[in-house]
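Colleague: I am new to this one. Could you walk me through how to read a few of its features?

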Amino acid sequence: MEKITSFTINHLTLLPGIYVSRKDSAGNCVVTTFDIRMTRPNAEPVMNTAEVHTIEHLGATFLRNHPDYASKTLYFGPMGCRTGFYLLLSGDYSSKDIVPLMQEMFAFIRDFEGDVPGAAARDCGNYLDMNLPMAKYLAKRFLEEVLENITEEHLIYPE
């Protein structure tokens, strides 16, 4: 059985960043899958489930309400390894194309105050597993350390 594309990326040299993971066709549309890598794999601790869950709720809410990307957002959710998220957009994009969107989204998460959308028993299957302060910290860190001055090595997968 062949390895799927994401398992062929060298995770020992992968830096936090925004990467095009794959492009697929769905009818006449291209679907671009992005790897939003927030922590360095196998080199620093992974994110805990509570902050991952909070970032998922806030990120999905932001994207599904965005004036330009709401109708293009197909999915935003965590990687099983807890080092980042996948974002699927309808359209043919490069990593650079969505840097401004990711800057907006992570600033939204960093600055969010109040109740996390969907963090109620009626709305979520594990609503108690949330950590807004840590989600805000991680969003701020990713924004400042990666997104604000992003370079090519954080936009193109390593060889």
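Modeller: Gladly! Let's start with a pair of helices: helix 2 passes helix 3 in a left-handed crossing. Left-handed means that the near helix is turned anticlockwise from the far one by less than a right angle, while clockwise would be right-handed. Helices here are DSSP runs of H or I with at least four residues, strands are runs of E with at least two, and both are numbered from the N terminus. This is a predicted model, where local features need pLDDT of at least 70, side-chain atom pairs count only at pLDDT 80 or more, and totals for chains, interfaces and linings use all residues. Residues are numbered from 1 along each chain as its sequence is written, and side-chain values use heavy atoms, without hydrogens and water.

Colleague: At what angle do helix 2 and helix 3 pack?

Modeller: The angle is about 145°, and the axes are 7 Å apart. Axes are lines fitted to C-alpha atoms over the stretch in contact, with angles from 0 to 180 degrees between N-to-C directions.

Colleague: Where does Ser95 lie, and is Ser95 buried or exposed?

Modeller: Ser95 sits in the loop between strand 4 (84-90) and helix 2 (99-111). Buried means under 20% relative accessible area, exposed over 50%, and partly exposed in between (1.4 Å probe, protein chains only). Ser95 has 6%, so Ser95 is buried.

Colleague: Which residues does Ser95 touch?

Modeller: Contact means heavy atoms within 4.5 Å. Leaving out residues up to four places away in sequence, Ser95 touches Ile18, Tyr19, Val20, Phe34 and Leu155. A polar atom of the Ser95 side chain lies 3.1 Å from the backbone oxygen of Leu155.

Notes: A polar contact is a pair of N or O atoms within 3.5 Å; within protein, one must be able to donate a hydrogen and the other to accept it, and residues adjacent in sequence count only if both atoms are side-chain atoms.
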